[in-house]
Structure formats: C-alpha cells, structure tokens
Amino acid sequence: MPPTSPTPRAVPWWVERAETLLASKDVRTLDLGALWELFERCSFVQENVEPDLLLIDVQERPELQALWKSFEARAHSVTEALDEAGEDVAQQLRTGDLAPALFRERWERLGFTEAAGRASTAADDWLEGLLRISRVTTGQNRPPFGQVNMASRAQRISDFLSITSPGQHDTIYDLGCGNGKFAITVAASCSAQVKGVEYGQTYVESARRNGERFALRNLEFIHSDVRDVDLSDGTAFYLFFPFWGEVAHAVARTLGDIARARDITVYASGPRHDYGEHFLEQVSQGALCLAPQRQDFADVMVLRSAAFS
C-alpha cells in the first residue's frame with residue numbers, strides 16, 4: 001500500500017480575522033469610537049495567537065508570514081491613531097476648551113443603541129477609547145464580597161446625570177469605582193466633586209493615571225475598603241453591584257444613617273438578592289424611600305432620603 005500523504009492542517013483561525021481587519025477603513029477617516037472598536041478587534045487577535053503556534057503556521061504556509069506582518073503593521077497604525085485621537089480630547093479637557101456641558105453632549109449624542117454582535121454602543125466605544133479601558137477587567141484579585149470590575153454602560157451614566165443634575169455644591173461618590181469609567185466621565189461632564197472609592201490597588205492606579213491625563217480638579221480616587229471611608233459629605237452615591245453580602249449590608253446602613261441627616265440620592269444597580277435587599281431594608285426602616293423603576297433599567301433602584309422627600 002502506497003504511503004498516505006499527511007492531512008494538511010486547516011487554515012489558522014486568525015487568517016480570516018486578519019484579512020478582514022486589513023480590509024477595514026482607512027484609520028485616518030475614523031473617529032475615536034470606531035478606532036477603539038478596531039483596536040479591540042486587533043488586540044483580540046494579537047493576544048490569542050500563541051507565538052509557538054504562529055511559527056508552525058508560517059512554516060507550513062510561508063505565505064502567511066507576509067499576512068501577519070501586514071496585520072501587525074495595521075494594528076500599530078490603529079494604536080497610533082487611537083492615541084492621537086484620545087490625546088486631542090484630553091488636551092481640550094486640560095485647557096478647558098471642552099467644557100463639562102460640551103463634553104457630556106459629545107458622548108451622549110453618539111447614542112446608546114447596541115451594535116450588532118457586540119455588547120457595546122457608540123457612546124461606550126467613544127468613552128472607552130478615550131480612557132483605553134475594556135468594559136470587563138479581571139486583572140485584580142477579588143476581595144471578599146467583591147465583584148469583578150465591570151465598567152458602567154454609558155446609558156446608565158447618562159441616566160444618573162439626568163436624575164441627579166449635579167452642580168458645584170454636590171459631592172458624588174462612586175462606590176467600587178473599578179477602573180474609573182463612571183467617575184471620570186461624570187467629573188468631566190459636570191461641576192460636582194466626584195470621588196471614586198476602590199479596594200483594588202491596580203484599578204485605583206489605572207484610574208488615577210487617567211484622571212491625571214485630563215487634569216480634572218474635581219476628581220479624586222480613594223484606595224480603601226469602602227467601610228473605612230467617611231461618606232458623610234456625599235450628596236449622591238452610585239453603585240454598580242460592586243459588592244454583596246456583609247459589605248453591601250454595611251454600606252446600605254451607612255447610607256441610611258446619612259439619609260436621616262441630610263438629603264441624598266442613591267443610584268444602586270444590581271440584583272435584589274443579597275444586594276438590593278440591604279437597601280430595601282433601609283426603606284422599611286424609614287431612612288430611604290424608593291423612586292419608580294428606571295424605564296428599561298429594572299435592576300436599578302433610585303433611593304432618596306425619606307425625611308427630605
């Protein structure tokens with residue numbers, strides 16, 4: 001029986017993706033949000049092609065070496081264009097040319113319609129491209145009763161701003177701020193003082209670096225267990241399911257105590273079980289009152305000081 005020829009390997013998975021990315025639009029024609037979407041697609045390929053397997057791919061199909069080099073050059077040009085577009089916005093924020101109202105209009109007008117096949121919107125792409133952060137990050141160990149950092153969706157940030165209408169006499173706390181998307185966006189969109197509280201050091205360091213890029217004097221990040229922070233100067237509090245269990249219980253009690261002394265608004269997003277139930281306990285005890293649910297946001301509770309409502 002004659003020897004059989006070895007079965008040729010299938011075309012590597014990355015080839016089609018690289019060819020598609022090479023055929024995408026000229027980066028010089030793309031805005032910040034579109035550049036971020038393209039950057040993430042390029043990064044996915046780069047991060048998931050193992051060097052040893054790439055070497056085998058090229059050895060078996062020498063023509064792929066030119067394709068990979070072209071793809072890497074494309075990814076580099078996307079990164080450079082993204083850096084330039086982000087720095088242009090950062091410079092406008094630093095100089096004051098992009099005032100809070102204009103900054104807010106700039107990202108809100110892009111819209112909150114989710115893109116087909118992607119859990120993102122044009123407004124989110126623009127903000128995350130500016131901040132160079134992914135929506136979900138897992139590079140930090142979770143503390144007890146803490147959640148993996150998930151950056152807030154732009155529509156939630158817009159909703160919070162519309163509900164609270166914060167001004168220069170307000171102090172907003174983002175409890176469990178993660179990498180700072182909410183806190184930075186709000187600080188750049190209004191004149192209120194914004195304080196992000198985060199237990200994870202890696203997240204805090206990243207958020208502070210971003211804040212320094214924009215020279216936002218109304219922004220501060222606090223590296224601490226939220227239970228150890230004095231929140232008594234806050235007028236509005238934002239929580240995107242950052243913790244659960246006994247931490248959520250302790251925070252809800254603290255906010256209830258503050259609500260008895262002054263008028264505050266709490267915007268808490270997350271499941272009712274072992275999270276929202278602690279805030280509802282403060283409602284049953286008369287510290288907070290619950291506003292109607294937020295349109296499409298069935299898991300958002302807006303609570304206000306009962307004594308001042």
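So, surface first: the accessible surface of the chain comes to about 15600 Å², and 50% of that belongs to carbon and sulfur atoms. Keep in mind that this is a predicted model. As for burial, 47% of the 309 residues count as buried.

Overall layout, then. Along the principal axes, the C-alpha atoms fill a box of roughly 90 × 55 × 35 Å. The secondary structure comes to eleven helices and nine strands. And if you take the contacts with a separation of 6 or more, 71% of them are between residues 24 or more positions apart.

Okay, cores. The largest nonpolar core has 63 residues, and the ones touching the most other members are Trp14, Phe103, Trp107 and Ile172. Which helix gives the most to this core? That's H4, residues 64-95, with eleven residues. Skipping its neighbours within four places in sequence, Ile172 is in contact with a whole list, including Phe160, Pro166, Phe182, Val186 and Ala236. Gln193 and Lys195 are also among the contacts of Ile172.

H6, residues 122-131, and H8, residues 181-189, have axes that come within 11 Å and cross at roughly 100 degrees. Who's touching whom? On the H6 side you've got Asp124, Leu127, Glu128 and Leu131, and they meet Lys181, Ile184 and Thr185 in H8. By class, that contact has three nonpolar, one polar and three charged residues.

Conventions. Residues are numbered from 1 along each chain as its sequence is written. This is a predicted model: local features need pLDDT of at least 70, side-chain atom pairs count only at pLDDT 80 or more; totals for chains, interfaces and linings use all residues. Side-chain values use heavy atoms; hydrogens and water are left out. Axes are lines fitted to C-alpha atoms, for helices over the stretch in contact, and angles run from 0 to 180 degrees between N-to-C directions. Helices (H or I, at least four residues) and strands (E, at least two) are DSSP runs, numbered from the N terminus. Contact means heavy atoms within 4.5 Å. Ala, Val, Leu, Ile, Met, Phe, Trp, Tyr, Cys and Pro count as nonpolar, Asp, Glu, Lys and Arg as charged, and the others, Gly among them, as polar. Buried means under 20% relative accessible area, exposed over 50%, partly exposed in between (1.4 Å probe, protein chains only). Accessible areas come from the Shrake-Rupley method with a 1.4 Å probe; for residues, only the protein chains shown count as cover. A nonpolar core is a set of buried Ala, Val, Leu, Ile, Met, Phe, Trp, Tyr and Cys residues joined through side-chain atoms within 4.5 Å.
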